[in-house]
Amino acid sequence: MLFGKQRAVADSRSPSNSKPAMKENFLFHNHCYFSVCFFLSDRQVERDVTTSYKSSTPTIEKLRKKEMGEENKVTLYGMWASTFVWRVKIALKIKGIPYEYVEEDLRNKSEFLLQYNPVHKKVPVLVHNGNPIAESLIILEYIDETWKNGPKILPEDPFERARVRFWADFLDQQFLGSLRLATKSSGEAHEKAMKDMFEKLTVFEEGTEGFFPNGTPHFEGENLGFLDIVLCSLFGSPKVGEEALAMKIIDPERHPLVHSWATAMNELPVVKETLPPHDKMVAFIQSLRGNSLD
């Protein structure tokens, strides 16, 4: 099986998921925008109507039995522009795990996604032998604990493991919240949000300096760790954010460690292979940015 092999999912769609085109596009844009550019965290529950299923809709047990028919089958449900999906893709590649990739249309979610992730109804969802796992950070831990061969993603030492979990959660819960406000606002509110964002990035940089005794991040091969994967999914291509948003999120003078960290990871083949093309991402983000400020 090839890495990231994509298949089309043919299924019926629930009529209760449909909305007027303009409103549906706006909700879709808001969901995707900072799946990509940090507009939404992957834990934020989006406004979804309750989905009613036809009697013919497969139950989660039927889906699991189907998936379990193939031993060690791995399927990833995602969306091409989601930073949270990028994390999972990078982890699977680092571990050398073959998987099947299913691209989701978040404006018209498949029954598979709604059944596998009924709480958040969001990507990414990793399905292993019929068992679905949601939330990107939880998926990373599951991958590392399930596939013992290959590079370790989390440290063996419990204290070091706790440290990287803490700072990964800080980025998702603290830093992204500030960045989300900065990208949605203008004028005085924008300036305030930017100030808060930089302050939190400073807290992150000062708190993670101890990870690099020599002062400069350096990677042997492609053995990225848990926090590396989270960081490169957010800052893997700083120029995209600068061009699309006219915002310098990572300043080499203000935050030299984070800048050198992101730059070093952005040169790795596994990261280059995972992140979408520069021009495609810029156009996508600019379109969504315009809609969010209208």
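Is Lys272 buried, exposed or partly exposed? I looked this up and found Lys272 partly exposed, with a relative accessible area of 49%. Buried means under 20% relative accessible area, exposed over 50%, and partly exposed in between (1.4 Å probe, protein chains only).

**Ground rules**

I am working with a predicted model, where local features need pLDDT of at least 70, side-chain atom pairs count only at pLDDT 80 or more, and totals for chains, interfaces and linings use all residues. Residues are numbered from 1 along each chain as its sequence is written, and side-chain values use heavy atoms, with hydrogens and water left out.

**Entry: salt bridges**

Side chains of opposite charge can pair when their charged atoms come close. I counted a salt bridge when a side-chain nitrogen of Lys or Arg is within 4 Å of a carboxyl oxygen of Asp or Glu. The structure holds 10 of them.

Back to Lys272: its salt-bridge partner is Glu267, with the closest N and O atoms 3.6 Å apart. I also noted a network in which salt bridges with shared partners join Lys95, Asp144 and Lys152.

Next I looked at Glu199 and Lys195, whose closest N and O atoms are 2.6 Å apart in a salt bridge. Both sit in helix 7 (residues 187-208), 4 residues apart, which is about one turn of the helix. Helices here are DSSP runs (H or I, at least four residues), numbered from the N terminus. Glu199 is partly exposed at 39%, while Lys195 is exposed at 53%.

Arg107 and Asp105 pair too, at 3.4 Å from N to O. I found Arg107 partly exposed at 38% and Asp105 partly exposed at 33%.

**Entry: helix 3 and helix 5**

How do helix 3 and helix 5 cross? The axes of helix 3 (residues 83-95) and helix 5 (residues 136-146) come within 9 Å and cross at roughly 10°. The two helices are therefore roughly parallel, a label for angles under 35 degrees. Contact means heavy atoms within 4.5 Å. Among the residues making this contact are Leu92 and Lys95 of helix 3 and Ile143 and Asp144 of helix 5.

**Entry: the core**

I then turned to the largest nonpolar core, which has 79 residues. Such a core is a set of buried Ala, Val, Leu, Ile, Met, Phe, Trp, Tyr and Cys residues joined through side-chain atoms within 4.5 Å. Leu92, Ile143 and Phe175 are among the residues that touch the most other members. Helix 6 (residues 158-184) gives the largest share, 9 residues. Leaving out residues up to four places away in sequence, I listed the neighbors that Phe175 touches, including Phe170, Met197 and Phe235.

Methods. Axes are lines fitted to C-alpha atoms, for helices over the stretch in contact, and angles run from 0 to 180 degrees between N-to-C directions. Angles under 35 degrees count as roughly parallel, over 145 as roughly antiparallel, 65 to 115 as roughly perpendicular and the rest as oblique.
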